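Here is a short note to read beside the structure. Please keep the sequence open as you go through the points.

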Amino acid sequence: MFCLKPPGTNAVVCISLIHKSCAILVVTTTHWQHNPHFESATRGKNMSSESQEPPLSSEAQSKKAASKEAKKQEKLRRKELAAATAAASNLSVEDDPLAVNYGFVPLIEIQSKTSVDVNEWTRVEALDDSVANKPVKIRGRAQTIRPVGKKMAFLVIRENGFTVQCLVQAQPDSVSPQMVKFAAALSRESIVDVEGVVSIPAAAIKGATQQVEIQVSKLYCVSKAVPTLPINLEDAARSEVEIEKAIQAGEQLVRVNQDTRLNFRVLDLRTPANQGIFRIQSQVGNAFRQFLLAESFVEIHTPKLIAGSSEGGAAVFRLDYKGQPACLAQSPQLHKQMSIWLDVEMEIKKHYFEVMDVVDRLFVAMFDSLNTNCKKDLEAVANQYPFEPLKYLRKTLRLTYEEGIQMLKEVGVEIEPFGDLNTEAERKLGQLVLEKYGTEFYILHRYPLAIRPFYTMPCYDNSNYSNSFDVFIRGEEIISGAQRVHVPEFLEQRAQACGIDVKTISSYIDSFRYGAPPHGGFGVGLERVVMLFCGLNNIRKTSLYPRDPLRIAP
């Protein structure tokens with residue numbers, strides 16, 4: 001975000017921030033706590049040879065001895081992992097009458113097969129003594145897994161930085177020994193649904209933020225992380241002071257170097273320190289923004305391509321722009337640049353309608369705000385470019401793609417059953433919707449899969465269609481959104497089916513191998529929203545410094 005000082009001053013202030021709502025899949029914790037209670041049992045065992053570094057202290061043991069010890073601990077850790085995996089593979093589910101109480105959620109069940117009330121899930125943050133002896137259902141990441149014998153296992157589940165301890169203990173009527181083994185064999189950072197009754201333990205729980213315990217009766221893995229993570233969060237969260245103290249005590253702990261952290265940033269961002277860094281950064285930007293807006297500063301949106309360099313020097317990135325020399329702006333000094341595309345990603349519990357619900361509430365609130373707080377501005381626009389106020393419903397109209405096609409067919413507009421709508425067809429449909437439903441703002445969903453990106457989730461009941469949607473104002477698209485494919489193997493299949501070389505997107509696909517929840521999102525064309533809300537006829541009217549094939553300056 002960039003703000004210009006009002007007239008009468010010669011000061012220019014610039015700020016830039018990333019809105020927190022655009023980081024839901026990446027940012028998964030707020031106050032995730034280091035787990036000393038369980039770490040003592042795993043210290044020195046969860047070492048990854050990939051992240052091992054030589055100690056910095058001159059008094060530390062030799063590099064050769066440290067390397068030998070690390071290899072020894074790594075071998076022990078892999079042996080324990082293999083034993084746990086073998087135990088899981090030997091589960092006799094067929095002989096278990098309680099098998100319905102646990103297991104891996106089938107893909108079809110997370111393809112928005114059924115719509116549910118998301119209030120069925122209780123936030124981990126809300127788990128306290130007020131829900132004692134009550135049944136709850138939570139979803140989160142399996143932060144730590146600690147088996148205790150064959151009939152008991154402790155899990156610590158993390159959601160948005162809050163953690164709760166869960167006890168899976170064999171019970172005759174609800175929890176089988178096979179279920180305990182299943183829990184013990186889960187890989188860390190997997191997404192799980194847990195159901196059980198909340199109890200108040202006699203002693204304080206050191207390894208979780210919530211001072212209650214869930215007596216687990218059902219346990220389902222929604223998204224399985226790979227058995228061996230590239231870096232362990234305990235290692236990535238460990239302080240240098242702790243490492244140095246361990247070295248002086250003759251112990252060897254893993255130090256994750258910066259290159260390794262950046263190589264696996266999707267995991268590294270889950271540590272408490274990084275969560276704090278980027279939340280502080282966000283808060284600083286927000287504090288600046290609110291202050292400057294209160295001081296009558298104006299937020300502007302500017303281009304990233306300019307005719308000349310903004311700072312000069314050898315770092316200028318030059319390119320040919322439609323036959324004209326251009327370069328990337330190095331700073332906002334000339335135009336105060338920032339992105340003009342709004343993008344949101346969010347976790348979904350069961351159905352892609354949850355994303356559409358956000359779109360519905362967001363835009364109805366936005367339209368209300370514009371009509372209430374921008375009356376004079378809208379009047380000024382209308383004085384030069386007359387337009388009728390946008391017609392919209394309190395509950396946004398939703399039509400399936402097939403329903404939209406049928407409306408067009410009824411007035412003689414033929415559309416291929418699994419083809420896309422062209423601009424004329426979209427405008428005609430907008431006109432028909434206005435006449436029939438009295439709204440110029442609506443959602444068209446369940447588009448043909450063939451016309452959507454490879455990462456779009458197919459419909460569970462008909463693979464010719466997808467869990468996707470577009471949003472329209474006055475017959476023109478402003479939003480495209482969908483449920484994304486978050487299962488790496490299925491994502492590879494979809495990419496190959498669309499003729500994409502999987503090798504070229506390997507880092508993208510690999511990011512889902514470390515545990516990713518079902519999710520969806522949408523992108524909004526900011527300038528298109530303004531243009532269509534105000535009934536304008538050209539997108540250039542809502543771009544401060546428009547760029548087109550014939551324009552690169554000013």
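1. Start with the helix contact. In this predicted model, G404, M407 and L408 of α11 meet a set of residues in α12. On the α12 side these are A425, K428, L429, L432, V433, K436 and Y437. Sorted by class, the contact has seven nonpolar residues, one polar and two charged.

2. Next, how do the two helices lie? Two packed helices are described by the angle and the distance between their axes. Helix α11 covers residues 401-409, and helix α12 covers residues 423-437. Their axes come within 10 Å and cross at roughly 90°. Angles of 65 to 115 degrees count as roughly perpendicular, so α11 and α12 are roughly perpendicular to each other.

3. Now look at strand β15, residues 441-445. Is β15 mostly covered or mostly open? It is mostly covered, with five of its five residues buried. In a regular strand the side chains alternate between the two faces of the sheet. F441, I443 and H445 are buried on one side of β15. Y442 and L444 are buried on the other.

4. Check the partners of β15. Strand β14 (residues 397-400) pairs with β15 in the parallel sense, over four bridges. There, R398 has I443 as its bridge partner. Strand β16 (residues 468-473) runs antiparallel to β15, and five bridges join them. Y442 stands opposite F472 of β16.

5. The chain has a mean pLDDT of 79, and 74% of its residues reach 70 or more. Over residues 1-61 the pLDDT is below 50, although this stretch has 163 contacts beyond near neighbours in sequence. Residues 331-340 also stay under 50, with 39 contacts beyond four places in sequence.

Conventions. Residues are numbered from 1 along each chain as its sequence is written. This is a predicted model: local features need pLDDT of at least 70, side-chain atom pairs count only at pLDDT 80 or more; totals for chains, interfaces and linings use all residues. Side-chain values use heavy atoms; hydrogens and water are left out. Axes are lines fitted to C-alpha atoms, for helices over the stretch in contact, and angles run from 0 to 180 degrees between N-to-C directions. Helices (H or I, at least four residues) and strands (E, at least two) are DSSP runs, numbered from the N terminus. Angles under 35 degrees count as roughly parallel, over 145 as roughly antiparallel, 65 to 115 as roughly perpendicular and the rest as oblique. Contact means heavy atoms within 4.5 Å. Ala, Val, Leu, Ile, Met, Phe, Trp, Tyr, Cys and Pro count as nonpolar, Asp, Glu, Lys and Arg as charged, and the others, Gly among them, as polar. pLDDT is the predictor's confidence in each residue, from 0 to 100. Buried means under 20% relative accessible area, exposed over 50%, partly exposed in between (1.4 Å probe, protein chains only). Two strands pair if DSSP finds at least two bridges between them.
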